[in-house]
Amino acid sequence: MPEPKIGRRTLLHGVGTLMALPALEAMAPLGALAQSAKKSPLRMAFMFVPNGIHMPAWTPATEGALDLMPSMQPLAKVRDSINVLTGLTQHNAEALGDGGGDHARSAAAWLTGCHPRKTDGAEIKAGISADQLAAQRVGDRTRFPSLELGCERGAQSGNCDSGYSCAYSSNIAWRGESTPVAHEVDPRAVFERLFGGADPAETAESRKRRETYRKSVLDFVMEDAKRLQPKLGVHDQDKLDEYLTGVREIERRVELAERANIAGRLAIADRPTGVPADFGEHIRLMCDMMLLAFQTDTTRIATFMLANDGSNRGYADIGVPEGHHDCSHHGGDPVKQGKVQQINTFHLKQVAYLLEKMQAVKEGDGTLLDNTMLVYGAGISDGDRHNHDDLPILLAGRGGGGIKTGRHIRYKNGTPMTNLFLCMLDRMGVHAETLGDSTGRLDQLI
Amino acid sequence: MTIERSTRPDTPWRPGPFGLVLAALLPATLLIGAAAGTPSGQAKRVKPAAGVPAAPGFEAQAAPFFKKYCVACHSGPAAQAAVVLNRATSSSSVLQDRKTWEAVSRNLADRHMPPAAAPQPSDAERQRVAGWIDGLFAKADCKLNDPGRVTLRRLNREEYDNTIRDLFGVETIKLSGGQEGRPADDFPSDDVGYGFDNIGDVLSISPLLMEKYVNAAERITARAIATPEQGAVPVRLDLASALSSTAGSRVGSMGRALASNGEVTAEFEAKRAGEYTVTAVAYEDHAGDEFAKMDFRVDGKTIRTEEVKTRQRNPASYAAKVDLTAGRHKIGFAFTNDFYIPADPAKKTPAQDRNLYIFSADVTAPAGLPETLPASHRRIMICKPGDGLSDEQAARKILAPLVSRIYRRPAQPSEVERLVRYVHVAGQQGESFERGIQIATQALLCSPNFLFRVELDPKPNDKSSSRLLNDYELASRLSYFLWSSMPDETLFALAAKGALHRPEILAAQARRMLKDPKARALADNFAGQWLQLRNLSLVAPDVKRFPEFDETLRRSMRTETEMFFEAVVQEDRPVLDFLDGRFTYVNGPLARLYGIDGIEGDQFRRVALTGDQRGGILSQASILTVTSNPTRTSPVKRGKWVLEQLLGAPPPPPPPNVPKLADDKKEPLTGTLRQRMEQHRKDPVCASCHTTMDAIGFGLENFDPVGKWRARDGDNPIDASGTLPGGQKFAGPAQLKQILKSKRSQFVKCLSQKLMTYALGRGLQTYDTCKVSDIVASAAKNDYRFSSIVTSIVLSEPFRMRRGDGGH
């Protein structure tokens, strides 16, 4: 007897991620999820590494065609799809009279271009970040306006950096000037949030009931909050505003979920099982989550902090058991610099993993990577000097076509990094006059 | 400068971005003041007494200094940065221009002023004058009796979990990943400010967290309140791995294809007897002149036969009802009319093949409450509709006490009324009364009145309007301070009587609560952050060099210090025991690390400490490990830890230009760790802070990066001697500890500040200075016992009062 042929994995083909991919139930029509073949969406992502980079092994000697430096060798297979941008600067991460705290400032200023207010808690303030600006303007096109990923939770105690609240060094995404957006560190939790949430045995009827209740609960709490609002002082009202924003965001998502009903259509064979002990695997799993979210058009905007700034994680697996932050204060010692370089290369290997996967996903005539703009880099250049000019920045992807890649572009040192973000926002369809300390738009990209 | 000051970015001046070069600025007085056993600077000035001059006068303390170092630039119409300092003639004129003089103090202390090119005051001079200015304002502020204002605090993760535990007895739920865990394990981490994660200003709510709250509320209430519907949730049968199948392969995740006549079965356990519904989603490959026939079978007996008329593109659901007895049953689906004609190449006819696909199958139990109800269910559902009560009346009766417990204050009738509608909402969906209460409880758990600790003011934006907290607000402040959870019945009852605010009752309650097992939360959350024990989960000692370190030891280290802390709390010991307690708790792995004989296994035992190697937290492996680098000790980190966490004298931040020094092509440093650090300290800019930090850290060099005692580091003997800036010398950890013990009031002040920050959920301000001094004075009278500090805090104005907001 011939075996019946039931098509599975017809949508999410071509991606051999670490985990087995979500497979569509055969009964589900594919149309709603499948990406339009005509025009693939454009994605924007930012990946952050702490403590600076060993720059002599990063910056190519020549401009023009990209010659990969030793640290960047892992990127060989995607060389033609990336640009190395030299000379970009986050002036607002400098002390500007505030003394120590470069790690806190480097993370807080990285995507905001704003000078964070020095405070250990009261009235924290930076500015809206590039990703969140995009999420607020065009994020309503997908179920999740943006996705925030990381590998380290915020600090559990103590003062993170010279009088700065830990909120600064452990967040790069800022919804508003006083509201950092926390990231998730558990790949399983991310997966469940994006694709799970539905018990496979739950009937359509009971799911519908649950959503009705959920809406009604949200109505109730919205009313509660509105009754409370006028009775509060101004700072308390700020806190309640955050709450109201959260409620509205979920209301919107409940509606979108109803329309797309993604949860009901995805059956998941194997899910991530939590935070792996191996750091590389942890990073790669989070990369998988970003990739899946992009591929299924669940979101188009993502940030990913490989580690919080000032992280003193040891990298024993690659022969660097010393802490990263400790090594980054190399004091000119070539041994320590070599260790920093080893860590840099390790990080870039994980980035290469993601970029290669993106390149393997076909979309229309191109690839997912072609339809992406991914910024990778740090908010500190040399970890020993804590300088925030001449930052190590890499821009991967062709941004939907148009960005010429495979190049090393040298800008005048001191060029605001926010000028790059304005260009990216333009391409996302978000027009912003300025962002943080921007002075215009970056040239030579297109 | 031991009190946190709010940062004011709008200060009259700041050094420009040029980075002023400042040389040889020694914060040597960090320890000197206390070295002689006197409290430093501000602590000495305790209470404002009317009519007595605030501090030694302007003429004596400040005028000569300003004349010598400041007024050359800062005077007249052309004053630098428009800051004029020559007009001040008295303390009161300084008090009148607070903004300017606070900036003067800060710029002096941070060594931003005078600029490098100008003559430099000594560090002691800086400290004295800055301290004089601060003291002047602190004293003035004390007279204001400002209780301060806490920003609306949401429950942090620990508080959320504990509150859910105390509300419902629910400790764990099924998390989003399917595993069992505490509800907040799914939440993102809480940001930390002023060293703690319960600070109103930095506890924010993101949409992600809001979503987690909604999910958690659904899962918690499912555990807390039983509904008739919960038993009636369809249970999916796993046909894919069924044992008795005669044909076919897997379809979907749990279904099966039958290509020949045959049956596929799965086991199902009926929890109780009743009418069950068996449902199958199926489709056929059509061939011949019949549709595929599917038999529903229970324990081998056919109960119904269906013709499956639908195809793969739109499968349909087929159902059969059957009475089951309680117990195991075999549910089966059979294909009974297979049809197959192979393709005939000669006639060019395609194959004809009828197949049956069972895509999924479920069994649904009849609705009904489970036989054993959760304790929380029985506690909440105090009545039922019927027996003369309408649905609404019963809901009202149930919800009024529930709302009060969840909101931690008496419910208002209108609040209850709004929730009563949920029994209608559920009814409209064809669901039960219990389900309605369950949904209402979900709404309560997502309400801002539950998630935030709301304290409403009559004049929320009037800074000058302060008030005593009401008894319910006080009950919550107490319970979240000492238990990280909601008030218990005793506190609620005292609040209802309006008695809790009476000082003797408040103090008695604090003492009662410290003895309660729930006070363990202080070890988890206060000590976990004060001593930075939580960071133990992040350290990664190089196990090649320190093979004794493993996950068991990591956990044991934390447990030791937590148990030690708990002992001080529970036995109400003097807090000086933290510095030199003559006992500790060890298990086998720790005993081996400490060289204590005769203790094996994982159980912890209390041991008396003899000799002078160990005693107090500074010789506990947890602290020594958390302040080390993965491959070596870090005297800097250890010294900084002692200054910040024990003495409340954090080293000032490095001058703004330090990083640039690395631009010099200097030679890498060589020699032992200590020698290299001493070379480093020859650089006067580094020396300013490192003299103190490093000296303390060197004193602990006998402890390796995982806290094991050592006499040598590699080939070099350990040199654990040092000299503090005040000239005090020590020859090793034991003597260093004696010096620290002599600074008892500085230590107690530091601990009181940390506890107060934790209790209030805000950073301390200048106006809190004298409140802290009162606490220290009162503790001194009570042998520095832990409870005396706690009760003083609880009775203090900042804890019992609040005021309106001063605006943005």
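## Chain A in outline

Two residues are in contact if their C-beta atoms, placed from the backbone, lie within 7 Å. On that basis, in this predicted model, residues 24 or more positions apart account for 70% of those contacts in chain A that have a separation of 6 or more.

Chain A contains 11 helices and 16 strands. Of its 446 residues, 58% are buried.

## A pair of helices in chain B

Two packed helices are described by the angle between their axes and the distance between the axes. In chain B, helix α16 (residues 471–482) and helix α17 (residues 489–496) have axes that come within 8 Å and cross at roughly 155 degrees. Angles over 145 degrees count as roughly antiparallel, and α16(B) and α17(B) are therefore roughly antiparallel to each other. Their crossing is right-handed.

On the side of α16(B), the contact is made by B:Asp471, B:Tyr472, B:Ala475, B:Leu478 and B:Ser479. Helix α17(B) contributes B:Leu491, B:Phe492, B:Leu494 and B:Ala495.

## An open sheet in chain B

Strands of a sheet pair through backbone hydrogen bonds, either parallel or antiparallel. Chain B has an open sheet of four strands in the order β7-β12-β9-β10, with antiparallel pairing. Its edge strands are β7 (262–270) and β10 (301–308), each of which pairs on one side only. On average, and with direction ignored, neighbouring strands of the sheet are turned by 20 degrees against each other.

Strand β9 (residues 292–298) of chain B is joined to β10(B) by seven bridges, and the two strands run antiparallel. B:Lys293 stands opposite B:Glu307, a residue of β10(B).

## The surroundings of B:Pro630

B:Pro630 lies in a loop of chain B, between α23 (621–626) and α24 (635–646). A residue is buried if 20 or more other C-beta atoms lie within 10 Å of its own. B:Pro630 has 24 C-beta neighbours inside 10 Å and therefore counts as buried.

Leaving aside residues up to four places away in sequence, B:Pro630 touches residues of chain A and of chain B. From chain A these are A:Gly314, A:Pro321, A:Glu322 and A:Gly323; from chain B they are B:Ala540, B:Pro541 and B:Asp542. B:Gly181, in turn, is 449 residues from B:Pro630 in sequence and 31 Å from B:Pro630 in space, C-alpha to C-alpha.

Definitions and conventions. Residues are numbered from 1 along each chain as its sequence is written. Chains are lettered from A and ligands numbered from 1 in the order in which they are written. This is a predicted model: local features need pLDDT of at least 70, side-chain atom pairs count only at pLDDT 80 or more; totals for chains, interfaces and linings use all residues. A residue is buried if 20 or more other C-beta atoms lie within 10 Å of its own, exposed if 12 or fewer, and partly exposed in between; C-beta atoms are placed from the backbone. Axes are lines fitted to C-alpha atoms, for helices over the stretch in contact, and angles run from 0 to 180 degrees between N-to-C directions. Angles under 35 degrees count as roughly parallel, over 145 as roughly antiparallel, 65 to 115 as roughly perpendicular and the rest as oblique. A crossing is left-handed if the near helix is turned anticlockwise from the far one by less than a right angle, and right-handed if clockwise. Two strands pair if DSSP finds at least two bridges between them.
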